Structure formats: structure tokens, C-alpha cells
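I opened the model today to look up the overall fold and the ligand site. My entries follow.

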Amino acid sequence: MNHSGVPKAIVVGAGIGGLATAIRLRVKGYEVEVIEANSHHGGKLAEIDLEGYRFDAGPSLFTLPLEVDALFEAANKNPRDYFDYEKLDIITHYFYEDGTNILAYADLDSFAREVEDKTGESARKVKKLLKKSEGLYDLTSHVFLENSLHKLDTYLRMDTIKSILQLYKLDALRSMDKANQSFFDDPRVVQLFNRYATYNGSDPYQAPATLNIIPHLEFNMGAYFPKGGIYQIADAVYRLGLDLGIKYRFDTPVEQILTEESQVKGVKLAEETIPAQVVVSNADIVPTYRKLLKHLPAPEKTLEQPRSSSALIFYWGIEKEFANLGVHNIFFSEDYKAEFEHIWQKKSVYHDPTVYIHISSKLNPSDAPQGGENWFTMINVPHDAGQDWDQIIKESREHILDKVSRILKVNVREYLRCEQILEPRTIQSRTSSYLGALYGNSSNNTFAAFLRHPNFSTQIKGLYFCGGSVHPGGGIPLSVLSGRIVGDLVDDVREVVG
Ligand code: FAD
């Protein structure tokens, strides 16, 4: 409590989950302080400036923007006074080794027609799959995403009961690949839809077909680009927090979350302890227990769940413009199954990986010098299991350059002007993500949703958890949603303030 009796809440970590949770706590009346180990806010939503090129270091695809807008609305502010975004007309440019090039138009009819024109797969089937995807989302979003899965009252509400009675429709008993194979005849179309498993770091050959909700987010609800780049999302939420009186401390790792009997008491820093009535950890759930809560019994089963995949990213400043590339580009592997077998079973990297290139300068020209493009070039890789990453990086770099040059029919090496690299070891060291996983636990298991850590502690009153490694899962929208759930769980202390 501060001098005027207002309860204090501390958020450990200024990732997008922590920033969002801080807003929700402030709106509930708490005095809020966010304590971050790094010198910047945003966590994985960082920025890189490299010889005149600007890159978003982590996420590049923005879906469900209304979840971010809702933070501003909860604080009675206009989101457009803080940041803005535009809907993409063409979401992704897909390239295949056989020369096929599919444009994923946001407009469903155009996309379905494009698939039919390029592959012969019927437009009607494409639209049917997206309708099914919408149905899955309607069935699951309320139960699995927007509420705590771990509170009895969630299950006692009428709308939840209705959803649960229909859960047999979730298509959870076969893999995403099996479902897509049964839907489509053309392997290129199966591959295109299988790719959505990677949106939460999973394997389409293991993950349940329930993950077919993801295309709905992209096609039916839209893919967006924030003006100025993805980092603007974190920056806008940070500036909202400043306006609401939230305090932020940077370059300050929290060493321990303090508890006494079954009550949270605050946090310990290197040379100080800060008392608080509520503590929310935005740090990955594994180091949260292993480092910050060493004195408590850890939920071993949860912490031992398989982690999601990681990524190897080359930030390349390119001295050329490519008219046939868009904001999001995919160069598919010729053997997707082999690629995923390498990632998940062999814990290695396939010699023909699927390459994703994000070029924000297509919409934000100041991100690259005139006549150039900023290529965020990424492949999916396993999480860190002690592989020889230096060797993998060296080999993958050549494989990627060969592949992209082959498909674009341009020797990309000639236009490379600068380079920076992010890989599983540095993802872990920069954001404390256990094993460098991008999305916490993988969703390969049918029961993964139930095995994620809840947003509250069952042992300690006043202790909560947010961000991509806990319920409802990884990615920007779900990390932001975890903040909404924590906000719903904490006591409303506005009367104390009033
Ligand atoms: P983080 O961003 O990891 O933040 C946690 C913060 O806690 C960090 O700043 C860390 O320094 C801090 N911290 C940890 N321990 C302590 C401590 N002891 N004391 C103080 N501070 C501490 N998502 C999408 O939606 N779309 C995408 O296109 C997408 N692509 C991605 C690509 C890459 C390369 C990566 C890395 C991620 C991607 N993601 C994407 C996933 C998304 O970035 C994450 O799910 C999300 O940003 C997680 O946010 P968070 O708040 O949980 O955690």
C-alpha cells in the first residue's frame, strides 16, 4: 500500500503481456510499477537499427487488433491517439519450387479463386474450410481464450456450458495435416493450410486439427500492419501506461518474488525489496518458478511440457527492390514433412527449409534506404537442445540464400549490404524465454490448452502470471488477452482509491 492506502501491484517484465496487464491493473485502481531487466519495453517486440535499415526484431504479423484497442478503451482513451494500423489487401505471397505463386488475398472470394486458378483445387472447398475455421473459432474462443480455464465459475456460466456441450466438434482427434489432406487433393494447398500450425510454434503433423481456427484469424478477421511497424504496438501501450501514471523501471532484473505463508509480499531486486499486494510475472513460466520462486514447490508437469519451436532470423539490409514480393512472403520447402521431422524428431534443421521473408519497408518506406528493402528472413528451427548452432547458422544461411535466389531468379547475395542474426540461444538470453521457444509450450498435444499454467497461483494469494508462456498461449493477441484475464481475476480496488 502507498501512503494513501492504495494497494500496489508489481509486474515483472515489460513484454507485451506485462505492458497490457499493467494497464488492466491500473484500470482496476492499483498503483502499478513494471520492472524490466532489459533497457527497453516490448520484450520480443524489439526494434533493430542497422546501417539505415529498421527491423522489427520479433513478431511481424498482427491479428486481432481489437484486443489491443480494448486496452485503450478500458482506460477511456482513444487508441487512434496512440497508434494506428491498416488491413492488408494481400496477406502473403506464397512461392513453391515448381514455380507456382499464390497470392493470399484478404478478400475470400479473390483468394479462393486464386487457389483454384493456380492449383485446380476448387474455390468452393477453400471457402468451406474457412467457414469451418470460423465455426471452430466461435466454439473455442470463449472457453479457451477469453477466460481462465482453471476457475470453476468459468465452467458454470451458461455460455460456457453451451460451448462445452459442442466440444466434440473440435476435430481434436486427428492432426491438422490429416484434416487438411481429407479436405484438399492438391499438396500445395494442404501445405499452405498446414503452415498455420507454425503460428504458435507447433507441428502440423502432430497438432490437433482444432488449430485450423488460425486461418480464420487471418482471413476472416484480417491481418494488419501497424503504422511504423510492430514495435509501435508495444510503444503505444507503454505510452498509455505513462499517461495513466504507471511507473517503469528498466535495467532492473527481479531476483525473487517474495511470499510469506500463502501471501505474496513483493519483489527483491539486487539492492532493494519492494513491497506489493499483487505481483504478476510476465517472465517465462519456467524461469519464474526456477529462479524467482525457488522457495515454492514448482508445478513440474506443466514446466516439463514440450516447448514450442524457435526461430533463426537473418535481418538483411538489401540494396534492391523486388516488385514480386510483398509484406509477408513464404518460400515453401519441397518436403514439408521432412522439414518438420527435422525440427521435432531430429531436433535439427532441414537442408530445404521453408523461408519466411517479412519486408516492412513495403508499407513503411523509411525502414530501408531508397531503392532497398529490409528483409526479416526467418526459418523455423527446434528449440535449443544443445545443438551446434554456429554450424546450423552457417549452413542454413547458404541454404536460404540458394533457395530464395533460385526461386526469385536473382542472386540475392549480390545485394546483401548488412546482416544481424537472432537464434534460439539469443532469444533465450534476451527475453528469458526458456530454450528460446517463441510461444511457450507447443500445441502439438490435444490437451495442451489445459496443460498451460493458469494466470493465477493456486498456492499464493496475490500472485498472477501473464504472457505467451501461460494461458491462453503465445503470440501478441493471446499475450494481451492474458492481461485481460488477470485484470478480471484481481480484486477491484477502485473504492479504496476513491
Ligand atoms: P516477452 O516478450 O518475452 O517479454 C518478457 C519480458 O520479461 C522480457 O522483456 C524480459 O526481459 C522480462 N523479464 C524476464 N525475466 C525478468 C526478470 N527476472 N526481471 C525483470 N524482467 C524480466 N507473435 C505474433 O503474434 N505474431 C508473430 O508474427 C510472431 N512472430 C514471432 C517471431 C519471433 C522471432 C519471435 C521471437 C516471436 C514471435 N511471436 C509472434 C511471438 C510473440 O512475440 C510472443 O508470444 C509475445 O511477444 C510474448 O510476449 P510476452 O509478454 O509473453 O513475453
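**Chain and ligand site**

I began with the surface: the chain's accessible area is about 19900 Å², and carbon and sulfur atoms hold 50% of it. I took accessible areas by the Shrake-Rupley method with a 1.4 Å probe; for residues, only the protein chains shown count as cover.

The model is predicted: local features need pLDDT of at least 70, side-chain atom pairs count only at pLDDT 80 or more, and totals for chains, interfaces and linings use all residues. Residues are numbered from 1 along each chain as its sequence is written, and side-chain values use heavy atoms, with hydrogens and water left out.

I checked burial next. Of 498 residues, 61% are buried (under 20% relative accessible area, 1.4 Å probe, protein chains only).

I listed 18 helices and 20 strands (DSSP runs: helices H or I, at least four residues; strands E, at least two; numbered from the N terminus).

Then I turned to the ligand. I found 36 residues around it, with Glu36, Lys44, Gly468, Gly475 and Ile476 the closest (a heavy atom within 4 Å).

Which helices each supply at least two shell residues? I noted helix 1 (16-27), helix 15 (424-431) and helix 17 (476-489). Helix 17 gives the largest share, three residues.

I looked up polar contacts (N or O pairs within 3.5 Å). A backbone N or O atom of glycine 17 sits 2.8 Å from a ligand oxygen. For glycine 475, a backbone N or O atom is 2.7 Å from a ligand oxygen. Isoleucine 476 has a polar backbone atom 2.7 Å from a ligand oxygen. The ligand alone exposes 1000 Å², and the protein buries 93% of that.

Note on methods:
A polar contact is a pair of N or O atoms within 3.5 Å; within protein, one must be able to donate a hydrogen and the other to accept it, and residues adjacent in sequence count only if both atoms are side-chain atoms. Buried means under 20% relative accessible area, exposed over 50%, partly exposed in between (1.4 Å probe, protein chains only).
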